[in-house]
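Q: Hi! Could you walk me through this structure? I'd like to start with one residue and go from there.

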Amino acid sequence: MTARELDAAGIRDAALRAAYTRCRGLNARHGKTYFLATRLLPVDRRPAVHALYGFARWADDIVDDLGSTATPGERARALVALEAQLAAGLRHGRTTEPVIRALADTAGRYGIAHQHFADFLSSMRSDLTVGGYASYEELGRYMHGSAAVIGLQMLPVLGTVGPREEAAVHAAALGVAFQLTNFLRDVGEDLDRGRLYLPSELLAAYGVDRERFEWSRRTGTRDGRITDVLRAAAAHNRAVYRAALPGIAMLDPVSRPCIRTAFVLYSGILDAIEADGYAVLHRRAVVPRRRRAAVALDGLARAVAVRTVGRRRERPVAGTRFFTASRPRVAETASAVRTETV
């Protein structure tokens with residue numbers, strides 16, 4: 001399957017193919033929802049998504065890996081080294097680091113602004129020293145680099161049916177919506193890292209503070225006021241999803257099933273959190289496997305339908321064949337859906 005993706009994308013160099021394969025492995029291992037949705041893209045666009053996600057995952061692990069014994073100083077130095085490698089890779093295309101090599105190639109192929117990567121690393125650095133935010137406005141400045149730019153990086157790969165700048169605001173909002181969902185789902189784990197991404201002003205509105213959250217996490221005791229905070233955060237998150245939704249129709253039709261599937265699966269985490277009584281301080285909410293499978297298979301059906309219509313609109317020239325490199329393999333993808341949802 002990896003070879004098929006790389007062949008379709010026209011990636012021939014052996015070292016570059018290995019670099020993209022490394023990124024694909026990071027995506028498959030750490031981002032099951034994203035990886036599953038990516039399988040619905042035309043095969044030639046998947047390596048670029050793997051490269052973008054692989055880089056983001058790698059940088060995030062430097063900052064957030066709870067299994068690492070690295071000190072804050074060591075993590076900071078690792079980020080500085082990563083930033084230097086990235087700058088050299090983007091500027092000259094020469095790097096020995098596979099993830100950077102794939103990312104630089106993707107940025108060049110799709111004309112992705114280098115500033116997006118700099119903004120992302122800036123937010124990653126702030127995670128080493130900032131443990132909370134006073135307001136949604138302040139959190140939003142952090143999330144521009146940590147989330148909005150991910151949507152902006154993806155947009156050239158996905159393609160649009162109109163001016164890209166019109167879709168950009170919705171792409172950025174979807175990146176933010178996904179991360180807000182992560183913040184809510186992972187609020188307990190983030191407290192263990194010394195961070196709380198729920199603004200202090202939101203907590204104060206319901207008469208609680210960070211110490212109360214830490215007490216609840218530590219003791220396993222529920223507090224109705226904390227539940228009210230989490231419910232309000234989920235409502236805010238749903239509003240951001242609504243702002244992002246119009247952007248799906250602005251995408252290249254062949255990309256819409258992928259993003260729609262990611263949209264439904266990720267926003268479905270909020271449903272799971274609600275169904276579990278907002279107990280995210282004590283356990284992680286999970287979308288039921290049957291629901292994940294149903295959404296993914298619906299996305300597959302949509303992807304097949306879009307590409308079938310596209311082929312019907314093509315007109316063969318005498319003596320030639322249809323180009324079939326990006327044609328979906330239904331049985332193969334359906335098998336992946338079943339695997340990724342168990």
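Q: Let's begin with A134. Leaving out residues up to four places away in sequence, what does A134 touch?
A: A134 touches P199, S200 and E201. Keep in mind as we go that this is a predicted model.

Q: How far apart are A134 and P199, in sequence and in space?
A: They are 65 residues apart in sequence, and their C-alpha atoms are 5.0 Å apart in space.

Q: Where is A134 found?
A: A134 is in the loop between α7 and α8.

Q: And is A134 buried, exposed or partly exposed?
A: A134 has 39% relative accessibility, so it counts as partly exposed.

Q: Okay, let's zoom out. How many helices and strands does the protein chain have?
A: The chain has 16 helices and zero strands.

Q: What share of the residues counts as buried?
A: In this chain of 342 residues, 51% count as buried.

Q: Tell me about A9. Why does A9 count as buried?
A: Its relative accessible area is 18%, and buried means under 20%, so A9 falls in that class.

Q: What is A9 in contact with, leaving aside neighbours within four places in sequence?
A: A9 is in contact with D44, P47 and R109. Also, A9 and R45 are 36 residues apart in sequence, with 6.7 Å between their C-alpha atoms.

Q: What comes just after α1?
A: That is G10, which takes a positive phi of about 75°.

Q: Which residue has a positive phi although it is not a glycine?
A: Y278 has one, at about 55°. For comparison, most residues other than glycine have a negative phi.

Q: Where is Y278, and is it buried or exposed?
A: Y278 is in the loop between α14 (256-275) and α15 (289-313). Its relative accessibility is 9%, so Y278 counts as buried.

Q: New topic: helix packing. How do α5 and α7 pack?
A: Helix α5 (residues 72-92) and helix α7 (residues 114-126) pack at an angle of about 180°, and their axes are 11 Å apart. Because of that angle, α5 is roughly antiparallel to α7.

Q: Which residues make the contact?
A: From α5 there are L79, L82, E83, L86 and L90, and from α7 there are H114, F117, L121, M124 and R125.

Q: How do those contact residues divide by class?
A: Between α5 and α7, seven are nonpolar, one is polar and two are charged.

Q: What lines the largest cavity?
A: Its lining is Y136, L139, L180, F183, L184, Y197, L198, A233 and N237. The elements giving two or more residues are α8, α9 and α13, and α9 gives the most, with three.

Q: And by class?
A: The lining of the largest cavity has eight nonpolar residues, one polar residue and no charged ones.

Notes
Residues are numbered from 1 along each chain as its sequence is written. This is a predicted model: local features need pLDDT of at least 70, side-chain atom pairs count only at pLDDT 80 or more; totals for chains, interfaces and linings use all residues. Side-chain values use heavy atoms; hydrogens and water are left out. On a 1 Å grid over the protein atoms alone, a cavity is a set of points where a 1.4 Å probe fits but cannot get out, and a pocket is an open set with protein on both sides within 12 Å along at least five of seven lines; lining residues have an atom within 4 Å of a point. Helices (H or I, at least four residues) and strands (E, at least two) are DSSP runs, numbered from the N terminus. Ala, Val, Leu, Ile, Met, Phe, Trp, Tyr, Cys and Pro count as nonpolar, Asp, Glu, Lys and Arg as charged, and the others, Gly among them, as polar. Axes are lines fitted to C-alpha atoms, for helices over the stretch in contact, and angles run from 0 to 180 degrees between N-to-C directions. Angles under 35 degrees count as roughly parallel, over 145 as roughly antiparallel, 65 to 115 as roughly perpendicular and the rest as oblique. Contact means heavy atoms within 4.5 Å. Buried means under 20% relative accessible area, exposed over 50%, partly exposed in between (1.4 Å probe, protein chains only).
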